[in-house]
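Here are a few friendly notes to read alongside the model.

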Amino acid sequence: MYDFNHANSRLGTSSTKWDRYQSRYNLDDVVALWVADMDFNCLPEINEAIIKRAQHGIYGYTDPTEDCLNAIISWEKRHHNIEIKKEDIVLTTGVVYAMYTAVEQLVQPDEKVMVMTPVYPPFFKTPADVNREVVYCPLILEPEVRIDLDKMEEMLKNDPKIKMLIFCNPHNPVGKSWTKEELREMLEVAHRYNIVVMSDEIHADLVFKPLEHVSMLGVDSKFNDQIVLLGAPTKTFNLAGMKISYALIPNQEICTEFARRAKATGLSSINIFGFEVLAAAYNHGDVWLEECLDYVYENMVWLKDFLSEHLPKCRFEIPESTYLAWVDFSGYNVPDNFAEVLKFEGGVELQDGRGFKDSDGYQRINCACPRSILEKGMERVVACMKKKNWL
Ligand SMILES: Cc1ncc(COP(=O)(O)O)c(C=O)c1O
């Protein structure tokens with residue numbers, strides 16, 4: 001059994017999640033429950049792989065290792081039930097960087113990208129950054145999360161300039177794990193209008209039992225030519241600082257051009273340790289991941305109980321996937337700058353839902369941490385709300 005209750009402190013490691021309070025705001029004691037980054041000690045085999053490579057002591061130019069590529073193929077088969085070939089894989093230094101490249105390649109400057117909100121902000125910021133217009137087809141959230149297929153169809157029918165959908169599978173922040181049928185219906189519409197579906201599957205391994213992740217490339221091979229899948233071990237094993245991810249692109253014309261651009265821009269120039277950590281994680285991480293997911297799920301159960309007892313007007317359902325709790329605080333009389341007040345006065349940082357669009361009143365709470373951190377953070381939320389008379 002791995003120990004998820006105890007973890008090394010990340011303070012003083014220049015951690016984005018924990019050290020910015022001191023370096024940016026001169027705040028000493030804030031509990032960080034925001035960015036999607038785990039606070040668990042990592043799989044021991046990952047550390048061992050790094051140490052072994054470092055002991056060799058020569059760090060010259062290095063090609064992608066066979067072990068790394070085989071590990072991706074084997075993981076995708078074992079965990080997501082898809083068969084991929086080496087020539088479909090382009091290694092990348094990050095999912096969001098890969099998104100930039102794919103948008104620039106596949107959507108011309110006068111064309112448009114569709115996104116389904118609320119969603120991880122780079123989905124709409126990335127196309128906008130490279131001057132591609134973004135159009136919104138919001139998800140239907142009540143009584144349960146669904147894709148608005150009628151609106152999607154109507155938008156595509158009326159606007160032939162829409163050339164790509166960027167889709168989150170599973171979905172950050174609402175935690176939805178899409179079924180094969182839901183994906184098939186969406187892909188049928190995309191197929192009819194000949195748009196590319198870029199499927200961000202960085203959270204694919206974080207689906208709670210008994211559900212299983214359905215890869216966009218596993219729905220029906222007739223759609224695969226129009227799919228760009230972005231995957232990574234970085235959420236699953238908390239390796240974001242290692243800068244290793246990959247694109248899976250069965251359409252060889254698209255894949256060759258993507259690889260050319262990735263090479264030209266340095267997107268596919270992986271750090272020597274990136275190959276090692278990916279292979280170690282994918283070859284040795286199955287049990288760690290299973291136990292980690294069980295632990296996170298228990299944190300979600302704890303959070304649900306805590307909210308029912310102390311903040312009963314919050315609306316929250318345990319998500320189907322991701323370690324991110326999506327909590328509606330709109331039952332309370334909190335101000336627009338609620339997240340800021342919690343951070344600067346309450347000593348706890350949640351992720352303000354408004355950044356994801358169409359999410360007023362929501363906060364995203366990261367549950368991938370030892371229970372003691374989650375407890376401390378949530379107690380601070382309640383204390384701050386009490387102090388401010390918001391309860
Ligand atoms: C849906 C989604 N895609 C991509 C990323 C970031 O990926 P990367 O660090 O590889 O750019 C995140 C991080 O939270 C995410 O939630």
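1. The shell around the ligand holds eight nonpolar, four polar and one charged residues (nonpolar means Ala, Val, Leu, Ile, Met, Phe, Trp, Tyr, Cys and Pro; charged means Asp, Glu, Lys and Arg; the others, Gly among them, count as polar). In total 13 residues surround the ligand, and the closest are Ala36, Gly94, Val95, Val96 and Tyr120; a residue is near a molecule if its C-beta atom, placed from the backbone, lies within 6 Å of it.

2. Please keep in mind that this is a predicted model: local features need pLDDT of at least 70, side-chain atom pairs count only at pLDDT 80 or more, and totals for chains, interfaces and linings use all residues. Residue numbers start from 1 along each chain as its sequence is written.

3. The chain is assigned domain 1 (16-43 + 286-387) and domain 2 (60-284), with bounds from an automatic or database domain assignment. Their C-alpha centres lie 26 Å apart. Domain 1 gives 23 residues to the contact and domain 2 gives 27 residues (contact: C-beta atoms, placed from the backbone, within 7 Å).

4. On the side of domain 1 that touches domain 2, α10 (286-310) and β9 (324-328) each give two or more residues; helices (H or I, at least four residues) and strands (E, at least two) are DSSP runs, numbered from the N terminus. The largest share, three residues, comes from α10. By class, this side has 13 nonpolar, five polar and five charged residues.

5. β9 also belongs to an open, antiparallel sheet of three strands, ordered β9-β12-β11 (strands pair if DSSP finds at least two bridges between them). β9 and β11 (351-352) each have a single partner strand, so one side of each is left without a neighbour in the sheet. Five bridges join β9 to β12 (residues 362-366), and leucine 324 has asparagine 366 as its bridge partner in β12.

Key: Two residues are in contact if their C-beta atoms, placed from the backbone, lie within 7 Å.
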